[in-house]
Amino acid sequence: MAAALTLLLTGAAAPALAHTGVGPVEGLAHGLLHPLTGLDHVLAMVAVGLWAGLVGGKARIAYPVAFVTTMGLAGAWAMAGGQLPGAEIGIAVSIVILGLAIALKASPPLAAGALACGIFAIFHGFAHGAELPENASGFAYAAGFVISTAALHGVGLFLAARLAQQAPVLARVAGGGLVLAGVALLAG
């Protein structure tokens, strides 16, 4: 089933939809929905939770916390007018690297894994923050995308617990699917 889902998601990969210029975005409701509107963001955020869960131990908390914290800071930076050339490429590359980490069962030292998640979050947070119109509530919007991101990490943690117990090879297959999806996003 996980293999079929991976193939479906890979086949559905399209150019990123959760970036500047895609529809109106304002307030808590839009912040909650925003991470769910782009396959790239959903894949990366679930992958962070999946990788954290597969590594286990303190990584289950450290990787998602590093991602959410850095994402919030990068979002604030974008809302304040910051610039980040190549954000879409960084998002796609983050999916490829997370997929490789999952497929290869990478288990780096805790600080290195958390740092990697924080670096990936810069691109995702920037994309979220860049969406905010000037007249919208930045705090409410940011709170929404932080909550949704944490929930997606939770989905990944849940999947990791199930896969580790019932079908560990499917986790590696899912990692391979993430690599393919990231490459498809890079190819446009």
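Tutor: In helix H5, the buried residues are Ala87, Gly90, Ile91, Ala92, Ser94, Ile95, Val96, Leu98, Gly99, Ala101, Ile102 and Ala103. This is a predicted model, where local features need pLDDT of at least 70, side-chain atom pairs count only at pLDDT 80 or more, and totals for chains, interfaces and linings use all residues. Residues are numbered from 1 along each chain as its sequence is written, and side-chain values use heavy atoms, with hydrogens and water left out.

Student: What does buried mean?

Tutor: Buried means under 20% relative accessible area; exposed is over 50%, and partly exposed lies in between (1.4 Å probe, protein chains only). In the protein chain, 45% of the 188 residues are buried. H5 is mostly covered, with 12 of its 17 residues buried.

Student: How many helices and strands are there in the protein chain?

Tutor: Both are DSSP runs, numbered from the N terminus: helices are H or I with at least four residues, strands are E with at least two. This protein chain has 8 helices and 0 strands. Read from the N terminus, the order is α-α-α-α-α-α-α-α.

Student: What span is expected for H5?

Tutor: The rule is 1.5 Å times one less than the number of residues. For the 17 residues of H5, 24 Å is expected, and the span from first C-alpha to last is close to that, at 24 Å. Just after H5, Lys105 has a positive phi of about 55 degrees.

Student: What covers the buried residues of H5?

Tutor: Think in contacts, meaning heavy atoms within 4.5 Å. The cover includes H3, H6 and H8. Take Leu98, which lies in H5. Its relative accessible area is 0%, so Leu98 is buried. Not counting residues up to four places away in sequence, Leu98 touches Ala44, Ala47, Val48, Trp51 and Phe120. Leu98 and Ala44 are 54 residues apart along the chain, yet their C-alpha atoms are separated by 7.3 Å.

Student: Which residues touch the most other members of the largest nonpolar core?

Tutor: A nonpolar core is a set of buried Ala, Val, Leu, Ile, Met, Phe, Trp, Tyr and Cys residues joined through side-chain atoms within 4.5 Å. The largest one has 36 residues, and Trp51, Tyr63, Phe67 and Leu98 touch the most other members. Elements giving two or more residues to this core are H3 (39–55), H4 (59–79), H5 (87–103), H6 (110–130), H7 (138–166) and H8 (168–187). H3 gives the most, with 9 residues.

Student: At what angle do the axes of H5 and H8 cross?

Tutor: Axes are lines fitted to C-alpha atoms, for helices over the stretch in contact, with angles from 0 to 180 degrees between N-to-C directions. The H5 and H8 axes come within 7 Å and cross at roughly 160 degrees. H5 is therefore roughly antiparallel to H8. The cut-offs are under 35 degrees for roughly parallel, over 145 for roughly antiparallel, 65 to 115 for roughly perpendicular, and oblique for the rest. Among the meeting residues are Val96 and Gly99 in H5, and Gly175 and Val179 in H8.

Student: How do the axes of H3 and H8 cross?

Tutor: They come within 11 Å and cross at roughly 150 degrees. H3 and H8 are therefore also roughly antiparallel to each other. Asp40, Leu43, Ala47, Leu50 and Leu54 in H3 meet Ala171, Ala174, Leu178, Ala181 and Leu185 in H8.
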